[in-house]
Amino acid sequence: MTKKTHVTTTINGEETEFLCEPRQSLLEVLREVLDLTGSKEGCNNGNCGACTVLLDGLPVDSCLVLAVETEGAEITTIEGIAQQGHLHPLQQCFLEGAALQCGICTPGFIVGAKALLDRNPDPTEEEIRFNLAGNLCRCTGYDKIVRSIQEAADRLQSAT
Amino acid sequence: MNTPVPGSQYKVIGTRPIRHDGMDKVTGKAKYGADVKFSKMLYGRVLRSPHAHARIVSIDTSEAESHPGVFAVITTSDMPDLVDKMADLGEGVVNMAHLGDNVLAREKVLYKGQAVAAVAASDVHVAAEAIAKIKVEYEPLPAVTWVLDAMREDAPLLHDNVFTDDMGKKSDKPSNVDKEIHFLKGDAEEGFAAADVVVEREFKTATVHQGYIEPHVATADWNEDGNLTVWTSTQGSFACRAQVAEILQIPISKVKVVPCEIGGGFGGKITVYLQPVAALLSKKSGRPVQLTMQRDEVFEGTGPTPGSFMRVKLGATKEGKLTAGEAWIAFDAGAFPGGPIGPACMCVFSCYDFEHAKVDGYNVVLNKPKTQAYRAPGSTHAALACETVLDELAEKLEIDPLELRLKNAATEGTRRVDGPVYPRIGCVEVLQAAQASDHWNSPLEGPNRGRGVALGFWFNCGLKSSASAHVNPDGTVTLTEGSTDIGGSRASIAMQLAETLGITAEEVHPQVVDTDSVGYTDVTGGSRVTFATGLAAYKVGLDIEGQMTSRAAELWDCSPENVRVESGVYSHNGDSLTFAELAEKLHATGEAVVGRATVAPDGATNGFGAHLVDVEVDPDTGKTTILRYTVIQDAGKAIHPSYVEGQMQGGAVQGIGWALNEEYFFDDQGQMKNASFLDYRIPTFLDVPMIDTIIVEVPNPDHPYGVRGVGETPIVPPPAAIAIAIHNAVGVRMTELPMSPPKLWKAISDQS
């Protein structure tokens, strides 16, 4: 058993402390230590994006981040996207637009799309495809994901 | 969104309600297989063969067993001996003894990645350390990974107990060819003699994987009383139960399978891999054990769809009437017998009306992972061959390719080469919709651009489905079903119950439950769930309506025949109660209303789809870009059109990946060299355009709402359509999948 390290982070707005081994990824700690299983493991090597979380506002594959690296960081996972009992427009539009089939890639897409809309509120189809090219979906053929992100962008813009 | 479609005879069917399980899936709350956790749970890892073919001389687990944090180590010696026993898992028949060998290798390993031993430990890292300490001595044997090589007399023999089954007749000596299929209709020679034009071509396709994003996962808890519970990601909880019980040689009643949310399957999550292993580790350690695969294990250790060699010959008169077809198809089965050679032979000419046709199929074992079902198994390969040759015929005859297909399209009454006569089908309507589409009628201009069209077919299974439902006092209905929901089927099944009862989709609460909590239900596969489990839901609705009518008659002191039911409103002589009002009253006045149904529909339905694609080829690199794509398909009746479109779009994109990128690269030692998502290269967001859809509705006469299965057909036409489009773009006939840049570049270079 390797000696564990104490890490203090902010996860979904709450200060969170955990113990982890140096070899544990952020994804493993989220899922196995903190019971935040919304981030999914599809490949464990940064290929699929199903484990995407926001690390200090930027989307990262949490399987490629060591948990010990997150000392002092601010992390947002899929569990932190809905606020005060209200779905984020992306979540609502994914539901209405049937942008998920099996749903295993959905948390990664929603977190990744939120990062995109946070910095580019009105992305083109090409920009959506380019920015989320690291998120794989095997069920939908991506069409309805594009449309749902565009619809969410429209709703967010008309709300501001 | 969820408002009745104007002019529709239905109030719920054809609308687009939010799926019932959607909220949990967009918030991260849904529990997939790897999300179940128990106190004291252990984590496992599997040791896999580094060789494509080898005899296992010895296995020494002692160092692994004494590794700190290890609670159990198992090998095949912990598994009961299995005898040959054939079992139908819903999308294919398997020999349980072979299945057991595929779960943990016995005397030989037959492919790289085959499971050999497993460990349960305090965490995955400790388990990984421990499997590295298991010492296996192998005696490597020559391996074979190309289907035609494996058919040769001098090929390395994989099994000394596999004999060729030639339409029921067994060969005298063991062979790598486990099965031959021969279909004959009319006299092919006579048909070709009557042809003005004959085209014949040979095709090769690479092994490709379903590529679901969620790796296989199973958690098992073997109790002291001998009862085993398995939480897993599976397309069929009952199929999983049957396999686990058989492999472990325990009564089926001792096994409960709890289907978790499933992160994709496409046919690949019907057979078991980890479930019996997790069970044995649990038995040995006395703790719950969770096993998950890494992505390379998914590629190397689970079943892809066959690589193939095919030869197709078609003849036609100068007027464009097909006179004869001949197909010779060899599929690799992977390491053990079984596979989709049957469906391939049934599908190859299934779109057309042939007077004369001959089909020969061969199923061949070789040193690759055992193949499993993959979305319309066998039909995509077959369509590549048939549709490409048909396109060449159209070119030679100077007939429009859609016209040629229409002239020969199968219709009601057409007898397929493999025997069945079609009932009402929508093949012609699909072609007509393609002809009338904006895509087909829009010009395509520019250099190195081409358009292709191809037709595809898949049949849908009936099999068995059960469902029950109870009426709640507030007028909602809780629906219990056994079909695991891969892509929105809770909604499509609940909607059929809602329509039947005259309530809204939201007033039905569908639950997918474990094998102890619902009647036997076959796999989510064969495009059967919306059709067959939907039929069960309809019958549950009729049962509930009958009970509600009788109880209303008691309330109103009349006979049930005099109670009128319309759109969920029950009335008699001026008395009238809505479904919800009646539900509340009945709760207060007597027993609960519980409906049940179980079905095994005889009729398989038939789904046809036509795909249109525009491509642009870069002649300097051989890269093909998809510019525009339209999927046209007969859904019978689209219950939830968004999810029907989703199946059409998703299937098309899987087919695009199969056509252009995806393949297992094997070296000469049978080692897969690209076992990661990025190297295997399924289509990314950037690789594809929007996918347009046109839903055609030719109702299935064997279903109360006209449903035909839609899930599988969409993967069938893409490789053919793209090959044809590439031909029209740059003039080369591609006959090998994938049509990846190096191959296409070479073909273009050779041509010039």
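This is a short tour of the structure in your viewer, one selection at a time.

Before you start, keep in mind that this is a predicted model: local features need pLDDT of at least 70 and side-chain atom pairs count only at pLDDT 80 or more, while totals for chains, interfaces and linings use all residues. Residues are numbered from 1 along each chain as its sequence is written, and chains are lettered from A and ligands numbered from 1 in the order in which they are written.

**Stop 1: the two chains together**

Show chains A and B and look at where they touch. The contact takes 46 residues from chain B and 46 residues from chain A; two residues are in contact if their C-beta atoms, placed from the backbone, lie within 7 Å. On the side of chain B, the elements giving two or more residues are α1 (22-27), α18 and α19. Helices here are DSSP runs of H or I with at least four residues, strands are runs of E with at least two, and both are numbered from the N terminus. Colour α18(B) now, as it brings the largest share, 8 residues. By class, this side of chain B has 22 nonpolar, 18 polar and 6 charged residues. Ala, Val, Leu, Ile, Met, Phe, Trp, Tyr, Cys and Pro count as nonpolar, Asp, Glu, Lys and Arg as charged, and the others, Gly among them, as polar.

**Stop 2: two domains of chain B**

Stay with chain B and colour domain 1 (424-461 + 604-752) and domain 2 (462-598); these bounds come from an automatic or database domain assignment. Their centres, taken over C-alpha atoms, are 38 Å apart. Where they meet, 20 residues of domain 1 are in contact with 16 residues of domain 2. Which element gives the most to the domain 1 side? It is α18(B), with 3 residues.

**Stop 3: N661(B)**

Next, select N661(B), in the loop between α18 and α19 (677-680) of chain B. N661(B) counts as buried because it has 20 C-beta neighbours inside 10 Å. The cut-offs are 20 or more other C-beta atoms within 10 Å for buried, 12 or fewer for exposed, and partly exposed in between. Leaving out residues up to four places away in sequence, N661(B) touches R681(B), P738(B) and S740(B).

**Stop 4: the nonpolar core**

Now select V230(B), V277(B), V348(B), L497(B), I722(B) and I726(B), which touch the most other members of the largest nonpolar core, a set of 289 residues. Such a core consists of buried Ala, Val, Leu, Ile, Met, Phe, Trp, Tyr and Cys residues joined through C-beta atoms within 7 Å. Helix α16 (residues 529-556) of chain B supplies the largest share, 11 residues. Zoom in on V277(B): among the residues it touches are V46(B), I74(B) and L291(B).

**Stop 5**

Show the open sheet of 3 strands in chain B, ordered β6-β2-β8 with antiparallel pairing. Strands pair if DSSP finds at least two bridges between them. β6 (108-109) and β8 (135-140) each have a single partner strand, so one side of each lacks a neighbour in the sheet. Strand β2 (residues 54-60) of chain B is joined to β8(B) by 6 bridges, and I56(B) stands opposite Y138(B).

**Stop 6: over to chain A**

Finish at helix α1 (residues 26-33) of chain A, where 6 of its 8 residues are buried. These buried residues, including L26(A) and R31(A), pack against β2 (14-20) of chain A. After the helix comes D35(A), with a positive phi near 60°.
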